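Please read the points below beside the sequence and the model. They are meant for someone meeting this structure for the first time.

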Amino acid sequence: MSNSKLYRGSLNTIILKLLSQHDKMYGYEITQKVKALTKGELNITEGALYPALHKLEAEGLLDVEVVKVDNRMRKYYKLTQSGTKETVNKMEALADYINTMQALLNPKLA
Amino acid sequence: MKLNPAEIKFIDTYLENSEVSFADIRMEMVDHVASDIESEINAGDTRNFYDIFKDYMLANKAALLKNNKQFIKATDKKLLKLVFRTMLSWQSFVFFVISFLSFYELASNLHQQNLHQWFSILPIMSFLILGATYFGYLRILKLDRFSAIERMGFMYFMCFHVFHLVSMMSKNIFEKLDRLFMVLFINSGLLIMFSILMVTVRLVRNYKQHYKIIT
């Protein structure tokens with residue numbers, strides 16, 4: 001992940017937001033989606049993605065479904081009800097953060 | 001182009017030999033590695049599967065193994081929360097009341113020394129029976145190992161050690177203790193064990209539901 005320290009704090013928000021836009025997604029699909037949306041700027045490694053997914057699952061924000069695809073098992077993640085609520089909260093918090101940073105770094109735009 | 005079953009099995013065995021023992025975490029890693037290799041091949045990489053796999057592992061093995069450790073940590077955290085919540089459930093309350101009344105009655109008929117022996121034997125007996133059943137099933141039915149179930153076993157094992165330690169240290173104190181306090185003490189331990197068992201049963205059901213293709 002480039003600028004990993006800057007992005008690390010937003011990883012859960014990125015995952016939740018992506019899942020809110022899709023019915024369900026699997027790990028590799030999330031990494032590729034992020035890569036495509038950011039035109040290769042943000043590359044989430046499996047060492048960062050899966051622990052975040054498992055933590056969100058442990059917190060009850062994600063539900064899982066295992067399906068057999070292409071000769072192997074695939075674990076899909078989808079938002080739970082509390083996950084959907086948390087996505088809204090996290091997006092609001094991130095928007096506030098972006099506004100605050102913009103006010104600090106570029107007062108003319110804020 | 002999709003990887004064939006033999007190539008998928010190769011990735012699975014490689015990860016299993018790299019100490020990614022639990023099927024629930026390994027299957028996710030297998031899918032990730034396979035998806036990435038397929039994507040490389042579809043993008044025009046003409047090397048054979050084994051060469052691509054070797055390079056992939058050289059670049060990503062550390063991240064995959066880190067993921068394995070983090071997964072176990074997240075599982076432990078989830079399990080502790082579940083056990084704690086189960087301890088506060090109505091089923092646990094009913095269990096506590098019944099076992100308290102039974103033990104209180106038993107304590108009035110038994111000498112303190114005998115009660116202390118019960119206290120020492122119960123955890124090890126239950127641990128041996130549960131452990132033998134679990135590993136017997138794994139061997140005979142050739143079942144996959146699942147993280148949460150084995151971590152619960154580990155938690156139970158730790159409880160057994162705490163019980164055993166307290167039991168050894170309290171041998172002399174035990175005889176002087178008030179019956180009510182002693183029965184409460186034993187029941188607290190039994191409550192933890194009951195909650196662990198309840199959570200384990202729920203986990204097995206959950207695995208069967210989510211991983212029904214495997215079990």
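**Notes on the two chains**

1. In the lining of the largest cavity, helix 4 (46–58) of chain A and helix 3 of chain B each supply at least two residues, where helices (H or I, at least four residues) and strands (E, at least two) are DSSP runs numbered from the N terminus. Helix 3 of chain B provides the largest share of this lining, four residues. The lining consists of A:Lys55, A:Ala58, A:Glu59, B:Ala74, B:Lys77, B:Lys78 and B:Lys81, and these residues divide into two nonpolar, no polar and five charged. Here Ala, Val, Leu, Ile, Met, Phe, Trp, Tyr, Cys and Pro count as nonpolar, Asp, Glu, Lys and Arg as charged, and the others, Gly among them, as polar.

2. On the basis of these notes: this is a predicted model, in which local features need pLDDT of at least 70 and side-chain atom pairs count only at pLDDT 80 or more, while totals for chains, interfaces and linings use all residues. Residues are numbered from 1 along each chain as its sequence is written, chains are lettered from A and ligands numbered from 1 in the order in which they are written, and side-chain values use heavy atoms, with hydrogens and water left out.

3. The largest cavity holds about 50 Å³ of space, and a search of the whole structure finds three cavities of 30 Å³ or more. On a 1 Å grid over the protein atoms alone, a cavity is a set of points where a 1.4 Å probe fits but cannot get out, whereas a pocket is an open set with protein on both sides within 12 Å along at least five of seven lines; lining residues have an atom within 4 Å of a point. Grid points are joined across faces, edges and corners, and a volume is the space filled by probe spheres set on the points.

4. The largest pocket has a volume of about 860 Å³. It is lined by 29 residues, of which B:Leu130, B:Tyr134, B:Ile149, B:Thr200 and B:Val204 are the closest to its centre. Helix 5 (112–141), helix 6 (147–169) and helix 8 (179–210) of chain B each supply at least two residues of this lining, and helix 5 of chain B gives the most, with nine residues. By residue type, the lining of the largest pocket divides into 20 nonpolar, five polar and four charged.

5. As to the chains themselves, chain A has five helices and three strands, which follow the pattern α-α-β-α-α-β-β-α along the sequence. The C-alpha atoms of chain A fill a box of roughly 55 × 30 × 20 Å, taken along the principal axes. Chain B, by contrast, comes to eight helices and zero strands. Of the 110 residues of chain A, 36% count as buried, and of the 215 residues of chain B, 40% do; buried means under 20% relative accessible area, exposed over 50%, and partly exposed in between (1.4 Å probe, protein chains only).

6. Which residues do ring pairs link into a cluster? They are B:Phe10, B:Tyr14, B:Phe49, B:Tyr50 and B:Phe53, where rings of Phe, Tyr and Trp (its six-membered ring) pair if their centres lie within 6.5 Å, and planes under 30 degrees apart count as stacked, over 60 as edge-to-face and the rest as tilted. The structure holds 10 aromatic pairs over all chains. One of them joins B:Phe10 and B:Tyr50 edge-to-face, at 5.0 Å centre to centre and with 90 degrees between the planes. This pair links distant parts of the chain, with B:Phe10 in helix 1 (residues 5–17) and B:Tyr50 in helix 3 (residues 49–87) of chain B, 40 residues apart. B:Phe10 is partly exposed because its relative accessible area is 33%, and B:Tyr50 is partly exposed at 45%.

7. B:Tyr14 and B:Phe53 also form an edge-to-face pair, at 5.1 Å centre to centre and with 90 degrees between the planes. B:Tyr14 lies in helix 1 of chain B and B:Phe53 in helix 3 of chain B, 39 residues apart. With a relative accessible area of 28%, B:Tyr14 is partly exposed, whereas B:Phe53, at 4%, is buried.
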